[in-house]
Amino acid sequence: MIVLELINKAREDNDFDVIGAINVKEYLPINEKREVIDLVIAHCSEYEDGNVLLNGVELYIMFNIKFIEAYTDIEFTSNYYDDYDALTASGLLDIIITNEVLPEYNRMTEMLILQKEYVMAQNSLEAQVGRFLGDLSYQFGKFVDSIGEKISGLNLEDMNVNQDDVNKIVQFVDKIKK
């Protein structure tokens, strides 16, 4: 049932039984729960300057939407913000997610918090330093390879260069590459 259909039925009949009108799954297997959580995190995160940013408001809204979609037959349209606003304004959101038929809401919320903490740990100083050192090592390797190519391409006989000095530089570059 589409969100607006549910809302219209509730408006037309003051004795409308919202929970009775929808199909509710009392339990989802752990893999399906993980898929919901991963989808919510992916939708609400962006990667900027080596940091993962999560939009907390979007996280809350998207979690409620995906939770309802996973546990009921309620469908949100592509205008999910409008659907969410209408569901909230009508009071039906609270009826649906706080109903004892959906005890999984607290478990899923805890899973979301744990996954959020896991994702945000990527922003720790240690992780930042690790990424920086990895990038530095990569760039330094490219630099060393470039120097090696330039040196090997030189015709030393045409230059007034001490051959022993060149051999020492080549040996130094070879040691760094290993």
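The legends below describe close-up views of salt bridges and a strand hairpin in a predicted model. Residues are numbered from 1 along each chain as its sequence is written, and side-chain values use heavy atoms, with hydrogens and water left out. Local features need pLDDT of at least 70 and side-chain atom pairs count only at pLDDT 80 or more, while totals for chains, interfaces and linings use all residues.

**View 1. Lys33 and Glu104 form a salt bridge between two helices.** The structure holds three salt bridges, each defined as a side-chain nitrogen of Lys or Arg within 4 Å of a carboxyl oxygen of Asp or Glu. In this pair the N to O distance is 2.6 Å. Lys33 belongs to helix H3 (residues 30-44) and Glu104 to helix H7 (residues 104-120), so the contact ties together parts that are 71 residues apart in sequence. Helices here are DSSP runs of H or I with at least four residues, and strands are DSSP runs of E with at least two; both are numbered from the N terminus. Lys33 is buried, at 4% relative accessible area, and Glu104 is buried, at 3%. Buried means under 20% relative accessible area, exposed means over 50%, and partly exposed lies in between (1.4 Å probe, protein chains only).

**View 2. Glu104 also forms a salt bridge with Arg107.** The closest N and O atoms of Glu104 and Arg107 are 2.4 Å apart. Both residues lie in helix H7, three residues apart, which means that about one helical turn separates them. Arg107 is partly exposed, with a relative accessible area of 46%. Lys33, Glu104 and Arg107 are linked in a network of salt bridges.

View 3. Glu69 counts as partly exposed at 28% relative accessibility. Lys66 also counts as partly exposed, at 22%.

**View 4. Strands S1 and S2 form a hairpin.** Strand S1 covers residues 45-48 and strand S2 covers residues 51-54. The two pair in the antiparallel sense over four bridges; strands count as paired if DSSP finds at least two bridges between them. Ser45 stands opposite Leu54 in S2. Two residues lie between the strands, and Asp49 in the turn has a positive phi of about 50°.
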